[in-house]
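Here is a short briefing on a protein and its ligands. Keep the structure open as you read.

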Amino acid sequence: MNIIVLVKQVPDTSEVKINRETNTLIRDGVPSIINPFDMFAIEEALRLREQHGGKVTAVTMGPPQAADALKETVAMGVDEVVLLSDRAFAGADTWATSYTLAQGIKKLGAYDLVIAGKQAIDGDTAQVGPETADMLGIPFIAYIKKIEAIAGGKMTVERMMDDGYDVVESSLPALITVVKEINQPRLPSLKGKMKAKNLKVTTLTAKDINADENLLGLKGSPTKVVRIFPPAPRGQREILSGTIEQQVDQVVKKLKEQSLV
Amino acid sequence: MSVQVISNTCTGCETCVSACPFGAIEMRGGKAFITESCTLCGACIEACEFKAIERTGEEAVAAAKDLSAFKGVWVFAEQHKGGISSVTLELLGEGRKLADKRQTKLSAVFIGQDIKNRAKDLIAHGADVVYLADDPALKDFNDDSYSAVLTTLATLHKPEIILAGATAIGRSFIPKVAAKLYTGLTADCTVLDIDPETGNLHQTRPAFGGNIMATIVSPNHRPQMATVRHKVMKPAPRNDARTGEIIEVKFTQTGDVRTKVIKTVEELGETVNICEANIIVAGGRGMGGVKNFHLLEELAKVLGGAVAATRGAVDEGWIPYSHQVGQTGKTVCPKLYIACGISGAIQHVAGMQSSDVIVAINKDPDAPIFSVATYGIVGDVLEVLPVMIKKFKEIRG
Ligand SMILES: Cc1cc2nc3c(=O)[nH]c(=O)nc-3n(C[C@H](O)[C@H](O)[C@H](O)COP(=O)(O)OP(=O)(O)OC[C@H]3O[C@@H](n4cnc5c(N)ncnc54)[C@H](O)[C@@H]3O)c2cc1C
Ligand SMILES: Cc1cc2nc3c(=O)[nH]c(=O)nc-3n(C[C@H](O)[C@H](O)[C@H](O)COP(=O)(O)OP(=O)(O)OC[C@H]3O[C@@H](n4cnc5c(N)ncnc54)[C@H](O)[C@@H]3O)c2cc1C
Ligand code: SF4
């Protein structure tokens, strides 16, 4: 099985703290990490390779330092990595990101499955998976919590829904996005770390992937971010005091006044 | 095109360093320096009070689309087993407002099997037109068939705006439609506004786990597409006197059926889907064990709400993952959120901070949850909850 994993390098938002006074992000020294959902994607790809043989390729679009994220995937056991990097890619929205990824994937030759994370913890859109699948012309299934079986050009998966889950059958190749429930990602191995250290990351530019420059980066992006601002602080806060009985009484009274209960 | 620092104007104040959501600005030689991590988002341009950061280079070329050909506001009317989802009524409420501002029609796209008799409900709730695709092949949600129906209709009728719920279904297939139509899609919006002149939709959404808000427009592309967060917009009222047109559309399967649902498993059982609940009682590690979760269930029952949890509690195995609220779980927006023994880590807060009223119970007066709580009770949950259950039972009779 040839499996492609989509990996995004993101700022570690768990290290981001909010300054409650000014309501802005404090992000001094925030490290870059592999998007946490993509760790589940990598792990699932490695497990499938262990069961079915084949090869796992990690692909990312990003600035040159995104190569660090790719090296981390190699330390976990990924076989090959590709960095899509070009100034022309900068400022891409999900449409242009997906176009770039799809063009890059088409360069890689035949594959059976593409696995992405459910969403990235910075952009938070969860749109790159489905848009990329569409541009590749392959089936897409979101929120996979379990791959039940893969055989004979078909797979059976469990898809999380708002009120439970669906068991879905799909033809291959396909693109899936995965959620946390699917597995427990492994730690990098010593051998992997050594391999990662000496790795020269292959970089592909806009030319290399035969991309139409009008569809790349900021230029090719239908959406434009026109304003970024901190969320409005929440309304008045009240920390109650008194015995538990008294505190509960006050809350119950207030909730009743607002006809919430 | 790039974002650049005007070196002579830069005072070295460092404001932009923390304003950049991507950590793309460093101080070099006392001046701000923009590194290759820059995504051209523009946040620093606004943050700099000395106007020392600017956008340079060519402007994005306007796509050769004739924008004036696109008219009308559409909503994707989600349903489950024939029942219209609550988010659909919210979309109709919001869509009606946008359509009125732009003096245009509101249409609903209704996809499923045996749903014909519900189409008039969409009209009663504000739609002028319902495009009805009722076919046995559309019984289960399927990314391919749902996106085919919507893409075909949108190509034919050219709406200016398409809204859908930011639900599991909406967030799964709507991006495929945007990909096909080569147009902008904004995820999980909480505020929408339209410029009555240009028709540009200003779409505001939280990103970075709710730590920043971004306003997004698609000035040169139509239709403008957005998924909208549940429970934020006001549902449209019902008015059975309203009239409208129901247009039946045929679904034809083109090519092979590539994916199909074999089985649907409802996990939450008798409890409500937490995304739809008006009242949520949530527990964290401070509940002290699975043995105390019955207190949450009891309170939820008294209030007619649903039980949710932190990742802490889920990781302990006290409750299934489908109940997890937060960045890696679900985003909820109830009228009342009662947080019991929850510390208030930003990844949890990201999923619940837009609740109308938050009550927090924690024994640590310095717990971060109190900074987002409307009312805070400092005390042991195991003492507070039984009292609360008793009091609510009294007032609820
Ligand atoms: C504040 C803010 C708000 C934004 N809002 C929108 C919006 O509403 N609509 C829009 O179209 N764009 C938006 N963007 C732009 C968007 O964040 C970028 O296009 C980003 O490159 C991809 O989107 P995402 O981070 O949401 O990824 P998601 O779609 O959430 O990522 C899902 C998965 O796709 C894969 N993936 C994503 N990006 C890459 C990559 N670069 N390389 C490899 N794999 C990847 C990963 O597997 C990831 O887990 C916004 C940007 C900012 C800063
Ligand atoms: C990438 C990433 C994604 C994450 N995603 C999520 C997510 O989606 N959702 C999520 O919830 N978390 C998420 N987390 C984890 C998050 O950072 C916190 O670890 C988690 O929310 C903590 O859960 P908790 O509040 O239950 O536990 P704790 O942080 O352990 O807090 C327990 C609280 O209970 C109080 N307490 C203890 N005993 C009592 C008592 N008897 N009475 C009253 N109060 C008591 C304590 O004072 C404390 O404040 C994520 C983390 C990362 C790194
Ligand atoms: S444009 Fe955005 S990403 Fe680039 S430096 Fe400014 S704030 Fe950072």
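A residue counts as near a molecule if one of its heavy atoms lies within 4 Å of that molecule. Keep that cut-off in mind for the ligand shells below. The model is predicted. Ligand 1 lies between chains A and B.

**Around ligand 1**

- There are 34 residues around ligand 1.
- The nearest of them are Lys8(A), Asp38(A), Thr94(A), Ala120(A) and Thr125(A).
- By class, the shell around ligand 1 holds 17 nonpolar residues, 11 polar ones and six charged ones.

**Polar contacts of ligand 1**

- Thr125(A) places a polar side-chain atom 2.7 Å from an oxygen atom of ligand 1.
- Thr125(A) is also among the residues that come nearest to ligand 1.
- In the side chain of Thr97(A), an N or O atom is 3.2 Å from an oxygen atom of ligand 1.
- Val128(A) uses its backbone: an N or O atom there lies 2.8 Å from an oxygen atom of ligand 1.

**Cover and elements around ligand 1**

- Taken alone, ligand 1 exposes 950 Å². The protein buries 96% of that area.
- Which elements of chain A give two or more residues to the shell around ligand 1? They are strand S6 (55–61), helix H3 (94–106) and strand S8 (113–117).

**Helix H4(A) against helix H6(B)**

- The crossing in which H4(A) passes H6(B) is right-handed.

**Helix H5(B) against helix H6(B)**

- Helix H5 of chain B spans residues 143–157.
- H5(B) and H6(B) pack at an angle of about 45 degrees, and their axes are 9 Å apart.
- That angle makes H5(B) oblique to H6(B).
- Is the crossing of H5(B) and H6(B) left-handed or right-handed? The crossing is right-handed.

**Around ligand 3**

- How many residues surround ligand 3? There are 14.
- The closest are Cys20(B), Cys38(B), Cys41(B), Gly42(B) and Cys44(B).
- The shell around ligand 3 has 12 nonpolar and two polar residues. It has no charged residues.

Terms used: Residues are numbered from 1 along each chain as its sequence is written. Chains are lettered from A and ligands numbered from 1 in the order in which they are written. This is a predicted model: local features need pLDDT of at least 70, side-chain atom pairs count only at pLDDT 80 or more; totals for chains, interfaces and linings use all residues. Side-chain values use heavy atoms; hydrogens and water are left out. A polar contact is a pair of N or O atoms within 3.5 Å; within protein, one must be able to donate a hydrogen and the other to accept it, and residues adjacent in sequence count only if both atoms are side-chain atoms. Accessible areas come from the Shrake-Rupley method with a 1.4 Å probe; for residues, only the protein chains shown count as cover. Helices (H or I, at least four residues) and strands (E, at least two) are DSSP runs, numbered from the N terminus. Ala, Val, Leu, Ile, Met, Phe, Trp, Tyr, Cys and Pro count as nonpolar, Asp, Glu, Lys and Arg as charged, and the others, Gly among them, as polar. A crossing is left-handed if the near helix is turned anticlockwise from the far one by less than a right angle, and right-handed if clockwise. Axes are lines fitted to C-alpha atoms, for helices over the stretch in contact, and angles run from 0 to 180 degrees between N-to-C directions. Angles under 35 degrees count as roughly parallel, over 145 as roughly antiparallel, 65 to 115 as roughly perpendicular and the rest as oblique.
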